[in-house]
Amino acid sequence: MEDVVKTLKVRIKKEVLTTRKKERLRRISGRDTRIIEKYVRIIHHNRRKICTKTKKGKIRVHRGKLDELTLTTSKVKEEERRKTVPHDFKKMFPYCSHNEFQECRDIAVQLYEQGYRPRSTRPPIKRARRQLINAKRFILVHLPKEKKNTLTRWWVGIRDSLDTWRRNTPYHQKLWLPLEMSTFHQKELKKGRIKSLELRYKRSTREWWVYFQLKVLPSSFYPPEEKSSSSLPPAVLGIDLGINIPAAGVLLTPKKKLTNKEIKFWHTKQWNRVNHRYKLKLSRLQRKAALNDQSGKKHHIYRFLGLLRRRYRNVKRAYNHQFISEVMQTIETYAQVYDLFVVVGYPKHVREEKGKDKSTHNFRRKLHQWNFSLVLTLLRWALILSGFEPHRILTVEERGTSSHCARCGRKVIRPVRGLVHCPSCGYTFHSDLTGAMNIARKFLGALFRPRGTTITDYLTGQRYSSTHFTVCLGLSHWLQSQ
Ligand SMILES: [Zn+2]
């Protein structure tokens, strides 16, 4: 299925813009145009050095070589640094960031490759050209009706390309622009995902417009509108996979309180012991074999070793299946009472973060042997086979979920192993449960984002329309800090 790209034009409410904002808008786009023009001139001047021709006769510009002419470097090793360049852009435009230069460079290269040439007689373009801004650099915000402090309910915040300096480090402010968004626009926005936006100035009317580039998803992507088939109350089960306790789960229901019924631990106590025993045996045999190899003695240890490995693998598999069937049981009992969605944290970055200095060698080893994606895939398939729809079992990235308070979302400390304590609101909670709760909250948060018209499953990369999850909107109280 191919995605279609659509453009949606929205006018910026010029009459509400302050003079400062207008000036800022003009400066950003005007300056970018000057940089692009400069780049094109440099490319043309050095075309013998940095341009090549393809077989079809098209011109290609070598971006790295262009950088060597224009940008100094500071982030690489001392001996590899470029301290002087023939055309130092950083000196010419001191308030422009490195990324900004690279974006301008790419536009200039594109223009040049498409045949745009600067003429020696023509003065540089003063008119503001189109400004393409990719999705990372802006945010679209919709203010709810209740807030009566403003007439404009739709704002787009564009990351200012001018560096602002604070405490000797540059950062980017956001430039907030009010939008004239009609109901038609809002309907169109819901049909797709915003990929990028373009700022355009129309000279005839002297007005600024925002052109949203929408990736429209095929109509088969949306579920039919016969919702409310299930009369059960919605609930989200967050699951945090751990090391010592294989998993902990928290069920967020329309009720505002957590009781013992909504908390679940899945233990496999024997597993740790069995696992340890196998490990010990294996390493002993391996050492013995290696010693025998060194001294040139004949032995049959490898045969035993192979046997043991196979047995270990089978035992591991059996335990995995046992674990999954236990999780399945809980989920099925919950599913009888609730319209259930299961969200599992995918601990991709855990290895990098926790595998560092603080932890013991033993803990690190356990960490690397815990096969997350296998367990997750098995669980997913088990659920789907038992009649769950695929969008009801989702994975989200786990980063930061166990280090923030489940109540107020601030950073927590760990006074004792297994407990987290929040210094700002004084809440103390089990660390794995905090993780599970935050995973569920992260999923809910993604639903409430104004841009979030789709939810992506982290494990499979599959996207689901947020219309699947409309029932979950009744759980919004879990997002507020209590
Ligand atoms: Zn707190």
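**Helices, packing and burial**

Student: How many helices and strands does the chain have?
Tutor: First, a caution: this is a predicted model, where local features need pLDDT of at least 70, side-chain atom pairs count only at pLDDT 80 or more, and totals for chains, interfaces and linings use all residues. Residue numbers start from 1 along each chain as its sequence is written. Helices (H or I, at least four residues) and strands (E, at least two) are DSSP runs numbered from the N terminus. Counted that way, the chain has twelve helices and 18 strands.

Student: What share of the contacts with a separation of 6 or more comes from residues 24 or more positions apart?
Tutor: For some background, the chain has 482 residues, and 23% of them count as buried. Among contacts with a separation of 6 or more, the share from residues 24 or more positions apart is 61%.

Student: Are H7 and H8 roughly parallel or roughly antiparallel to each other?
Tutor: Axes are lines fitted to C-alpha atoms, for helices over the stretch in contact, and angles run from 0 to 180 degrees between N-to-C directions. Under 35 degrees counts as roughly parallel, over 145 as roughly antiparallel, 65 to 115 as roughly perpendicular, and the rest as oblique. H7 (residues 269–295) and H8 have axes that come within 10 Å and cross at roughly 165°. The two helices are therefore roughly antiparallel.

Student: How many charged residues does the contact of H7 with H8 have?
Tutor: On the H7 side the residues include Trp271, Lys281, Leu285 and Lys288, and they meet an H8 set that includes Phe304, Leu308 and Arg309. Ala, Val, Leu, Ile, Met, Phe, Trp, Tyr, Cys and Pro count as nonpolar, Asp, Glu, Lys and Arg as charged, and the others, Gly among them, as polar. By that scheme there are 14 nonpolar and two polar residues, and the number of charged ones is three.

Student: How do H8 and H11 lie, parallel or oblique to each other?
Tutor: H11 runs over residues 372–385, and its axis is 10 Å from that of H8, at an angle of about 45°. In this contact, Asn320, Ile324, Val327, Met328 and Ile331 in H8 meet Val375, Leu378, Leu379, Ala382 and Leu383 in H11. By class, that makes nine nonpolar, one polar and no charged residues. As for the angle, the helices are therefore oblique.

Student: How many residues of H12 are buried?
Tutor: H12 (residues 431–448) should span 26 Å, and its end C-alpha atoms agree at 25 Å apart. This helix is largely enclosed by the rest of the structure, because of its 18 residues the number buried is 14.

Student: Where is arginine 206 found?
Tutor: Most residues other than glycine have a negative phi. Arginine 206 has a positive one, near 55°. It is exposed, with 8 other C-beta atoms within 10 Å. Arginine 206 is found in the loop between strand E8 (192–202) and strand E9 (207–216).

Student: Is aspartate 67 exposed or partly exposed?
Tutor: Aspartate 67 lies in helix H3 (residues 63–70). Its C-alpha atom is 9.1 Å from that of valine 85, 18 residues apart along the chain. Since 18 other C-beta atoms lie within 10 Å, aspartate 67 is partly exposed.

How values were computed:
Two residues are in contact if their C-beta atoms, placed from the backbone, lie within 7 Å. A residue is buried if 20 or more other C-beta atoms lie within 10 Å of its own, exposed if 12 or fewer, and partly exposed in between; C-beta atoms are placed from the backbone. The expected span of a helix is 1.5 Å times one less than its number of residues.
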